[in-house]
Amino acid sequence: MIFSARTYNSTGTKQYILGIEKTFGLYNVEEESWDIPIMYESLSHLNKNLYLAKLNNQQGIIDASNNIAMDFKWSRIGSISGLENYFIVANYAQPVQLSGVYSLTGKKLIIPCNYSRIEKINSENYFLVTKGLETVSYTHLRAHETEADL
């Protein structure tokens, strides 16, 4: 088998994440073309029009037209339940694995990568942040962004 299909994007178009060996892209069956070129080490559908991709061993976020929404500089990017434009990001290049929260709409870190653990604790967008073994604080997204960002 030449291609392996990993997932289906159900946005109404016939797009499939396809891979050859260890590279992946998004193929549009209706147009018979690659919406996202087959160049990524991994590719998975996040939400709506966004995809988590891995390039040169770093993760980033792209849209279905291969536009970069979040730079490829993260060791890990995780989605946050109920917040589709916010992601927990981590950079493991440091001796200690530290995480923060990145806003796609603001295109910036809204909680800096200073914490060993970040966890959303309720539907009101409060986060428990931990540094080492010590709980540092509870923080709310509104404390980090302007009304226009939310």
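Two strands count as paired here if DSSP finds at least two bridges between them. Keep that in mind for the first item, and note that this is a predicted model.

Start with strand 9, residues 76-80, and strand 10, residues 83-91. They run antiparallel, and five bridges join them, so the pair meets the cut-off of at least two. At Arg76, the bridge partner in strand 10 is Ala90. Two residues sit between the strands of this hairpin, and Gly82 there has a positive phi near 85°.

Next, the core. The largest nonpolar core has twelve residues: Leu50, Leu52, Ile61, Ala69, Met70, Trp74, Ile77, Phe87, Val89, Tyr102, Leu104 and Cys113. Strand 6, residues 50-55, strand 8, residues 68-74, and strand 10 each give two or more residues to this core. Strand 8 gives the most, three residues. As general background, nonpolar side chains in soluble globular proteins tend to be buried together.

Take Met70 from that list. Leaving aside neighbours within four places in sequence, Met70 is in contact with Gly60, Ile61, Ile77, Phe87, Val89, Tyr102 and Leu104.

Last, Ser99, which is in strand 11, residues 98-103. Is Ser99 buried or exposed? Its relative accessible area is 4%, and because buried means under 20%, that puts Ser99 in the buried class. The side chain of Ser99 makes a polar contact of 3.3 Å with the side chain of Arg76. With neighbours within four places in sequence left out, the contacts of Ser99 include Arg76, Val89 and Ala90, as well as Cys113 and Tyr115.

Definitions and conventions
Residues are numbered from 1 along each chain as its sequence is written. This is a predicted model: local features need pLDDT of at least 70, side-chain atom pairs count only at pLDDT 80 or more; totals for chains, interfaces and linings use all residues. Side-chain values use heavy atoms; hydrogens and water are left out. Helices (H or I, at least four residues) and strands (E, at least two) are DSSP runs, numbered from the N terminus. A nonpolar core is a set of buried Ala, Val, Leu, Ile, Met, Phe, Trp, Tyr and Cys residues joined through side-chain atoms within 4.5 Å. Buried means under 20% relative accessible area, exposed over 50%, partly exposed in between (1.4 Å probe, protein chains only). Contact means heavy atoms within 4.5 Å. A polar contact is a pair of N or O atoms within 3.5 Å; within protein, one must be able to donate a hydrogen and the other to accept it, and residues adjacent in sequence count only if both atoms are side-chain atoms.
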